[in-house]
Structures are given as C-alpha cells and as structure tokens.
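Here is a short report on one protein chain. Look at the model first, then read on.

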Amino acid sequence: MTTQTKKFITPEDVIGLRIKCSHSQCQAEIVLPIDKPLEAKNLAFCPICRRPWLREEHNSLEVAVDHAVQALTNLKSGLKSGHWNFALTLEIKPEESAE
Ligand SMILES: [Zn+2]
C-alpha cells in the first residue's frame, strides 16, 4: 500500500528568504526576514566571492524577487485585514525519502 501525505503552508509560515551561493568553494548564505523591506539589488552579487547572484550580464532576477516578496507581504496583510470565508494555503512538495 502506498500512502501520500500532502503538505501545505500558509503565507504566514514563510518568514524568510534564503539565498545560498552555489559555488562549491563559497557556500555563503544570507537569510533575510520577509517582513522587512527587501533591497534585492543588494543581492545582485555574492557578498563573499562576488559571483553574480540575482544579476547576470543579460539577465536579472532582482525585479522578480522584489515582486515575489512584495506580493507575499501584500497577501499576508490582506489575509490579516479581513474575515475571509476561506483559508489560503500553498501546497509544498513532499520531502524526498532518503532510501
Ligand atoms: Zn559566493
């Protein structure tokens, strides 16, 4: 028999944004609280090894990250400010089982 458990988080469960450098020699990590204004431009480059993070030569995720954090913040405060007739949750992938 196979069972599957679905996992959901609420927007309130998201408390921080973590960025970890994928360069094997660096692995620097920043965790920023999601409830503080985020300056995505400060994440353009790794603060330790200076490799590009959100900003590459012809591509940038700065606006997308700014928008995603802002949208989440707006959603959290919108949900708090009313008596909604629903509960909003986000489904997350099941953890990979270590076999
Ligand atoms: Zn780095």
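The report goes from the whole chain down to single residues.

## About the model

This is a predicted model, where local features need pLDDT of at least 70, side-chain atom pairs count only at pLDDT 80 or more, and totals for chains, interfaces and linings use all residues. Residues are numbered from 1 along each chain as its sequence is written.

## The whole chain

Starting at the N terminus, the order is β-β-β-β-β-α-β. The radius of gyration of the protein chain is 17 Å, well over the 13 Å that the globule rule gives for 99 residues, so the chain is more spread out than a compact globule. That radius is taken over C-alpha atoms, and the globule rule is 2.2 Å times the number of residues to the power 0.38. Along the principal axes, the C-alpha trace spans about 45 × 45 × 25 Å.

How much of the protein chain is made up of buried residues? The share is 4% of the 99 residues. A residue is buried if 20 or more other C-beta atoms lie within 10 Å of its own, exposed if 12 or fewer, and partly exposed in between, with C-beta atoms placed from the backbone. Contacts tell another part of the story. Two residues are in contact if their C-beta atoms, placed from the backbone, lie within 7 Å. Take the contacts with a separation of 6 or more: residues 24 or more positions apart account for 44% of them.

## Strands 2 and 3

Strand 2 covers residues 16-20, and it pairs with strand 3 in the antiparallel sense over five bridges. Strands pair if DSSP finds at least two bridges between them. In this pairing, Gly16 stands opposite Pro33 of strand 3. Strand 3 spans residues 29-33, and zero of its five residues are buried, so the strand lies largely in the open.

## Two loop residues

Gln27 sits in the loop between strand 2 and strand 3. Its phi is near 65°, a positive value in a residue other than glycine. Gln27 is exposed, because it has 12 other C-beta atoms within 10 Å.

Arg50 belongs to the loop between strand 3 and strand 4 (55-56). Phi of Arg50 is near 65°, again positive in a residue other than glycine. Arg50 is exposed, with 9 other C-beta atoms within 10 Å.

## Along helix 1

Helix 1 covers residues 62-80 and includes Gly78. Ala64 is also found in helix 1. Ala64 counts as exposed because it has 11 C-beta neighbours inside 10 Å. Ala64 and Leu54 are ten residues apart in sequence, and their C-alpha atoms are 9.4 Å apart in space.

Gly78 has 12 C-beta neighbours inside 10 Å, so it counts as exposed. Gly78 and Glu91 are 13 residues apart along the chain, with 20 Å between their C-alpha atoms.

Leaving out residues up to four places away in sequence, Leu79 touches Pro11, Trp84 and Leu88. The C-alpha atoms of Leu79 and Thr3 are separated by 32 Å, and these residues are 76 apart along the chain.

Key. Helix = DSSP H or I, 4+ residues; strand = E, 2+ residues; numbered from the N terminus.
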